[in-house]
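Here's a quick tour for anyone opening this structure for the first time. Have a look at it, then read on.

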Amino acid sequence: MFRRKTHTTQSIIAAIRKGGAEASKAIDYLYRQYRDNFIRFVQLRNGDKEDALDIFQDAVIVVVNNIERGMFKGESNIKTYLFSIGKKLWYKKFNKKMREGVLIKEMKMDYVAPTTDPWLGAEDDDRGRFVKAIMGRLKESHRNILTLWMEGHDMAEIAGQMGLKNAQVARNYKSRAMKEVNALLEKNQPLKRYLFR
């Protein structure tokens, strides 16, 4: 049913609504047919392959849920619909990454935190010292995964080095680490405003 020459938006919708093996085949078709194009789209917009795969998976889930709920009935081509959802999810993630991650990415790994706690009052106003000091407040596993990420390792490599099951588990760890960074900044609004001014 789901060969390149025979699929249609309506046949995919019908299969997903039917459920079972037919739904699985339809979802597999969506992955095979559109995943690579979506990866290229994200990579051209400052994302990496892992970002793209995460977002694409989320977009497919949204499409399937919307079909099952009757919210998408094929008013547009399924590729157009899938990509419109994927693009929104990517821009949302990109904006979040910019807010949370840009400063972390700029750190140098040879930094030694000052003995004076910059959270309470630093000896100077060097933005880098404030940001780098945040790393010292993270859980060890979060600090380790962000360190490896900043050194340019991909999630599969990080999973291997940290003894994690796979790249997806590593991505989950990184996401929690970034949430911890953001939570620390939320507790100190003057510092957050200073860092992101």
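Predicted model: local features only at pLDDT ≥ 70, side-chain atom pairs only at ≥ 80, totals over all residues.

Contact here means heavy atoms within 4.5 Å. With that in mind, F94 is in contact with R45 and N46, leaving aside its neighbours within four places in sequence. Residues are numbered from 1 along each chain as its sequence is written, and side-chain values use heavy atoms, with hydrogens and water left out.

- F94 sits in helix α4, residues 78-105 (helices are DSSP runs of H or I, at least four residues, numbered from the N terminus).
- From C-alpha to C-alpha, F94 and N46 are 8.2 Å apart in space, though 48 residues apart in sequence.

- E50 belongs to helix α3, residues 49-68.
- A polar atom of the E50 side chain lies 2.7 Å from the backbone nitrogen of M155.
- Not counting residues up to four places away in sequence, E50 touches D154, M155, A156 and R171.

- Helix α9 covers residues 167-186 and reaches 28 Å from its first C-alpha to its last, close to the 28 Å expected at 1.5 Å a residue (1.5 Å times one less than its number of residues).
- The buried residues of α9 include R171, K174 and E180.
- In helix α7 (residues 140-150), W149 and M150 are among the buried ones, and α7 is followed by G152, whose phi is positive, near 95°.

**The nonpolar cores**
- A nonpolar core is a set of buried Ala, Val, Leu, Ile, Met, Phe, Trp, Tyr and Cys residues joined through side-chain atoms within 4.5 Å.
- The largest has 28 residues, and I12, Y34, F38, V63, I67, I78 and L82 touch the most other members.
- Helices α1 (9-18), α2 (20-43), α3 and α4 each supply at least two residues of this core.
- Apart from it lies another core, of 19 residues, among them I134, M155, A170 and L185.

Key
Polar contact = N/O pair within 3.5 Å; in protein donor to acceptor, adjacent residues only side chain to side chain. Buried < 20%, exposed > 50% of the residue type's maximum accessible area, 1.4 Å probe, protein only.
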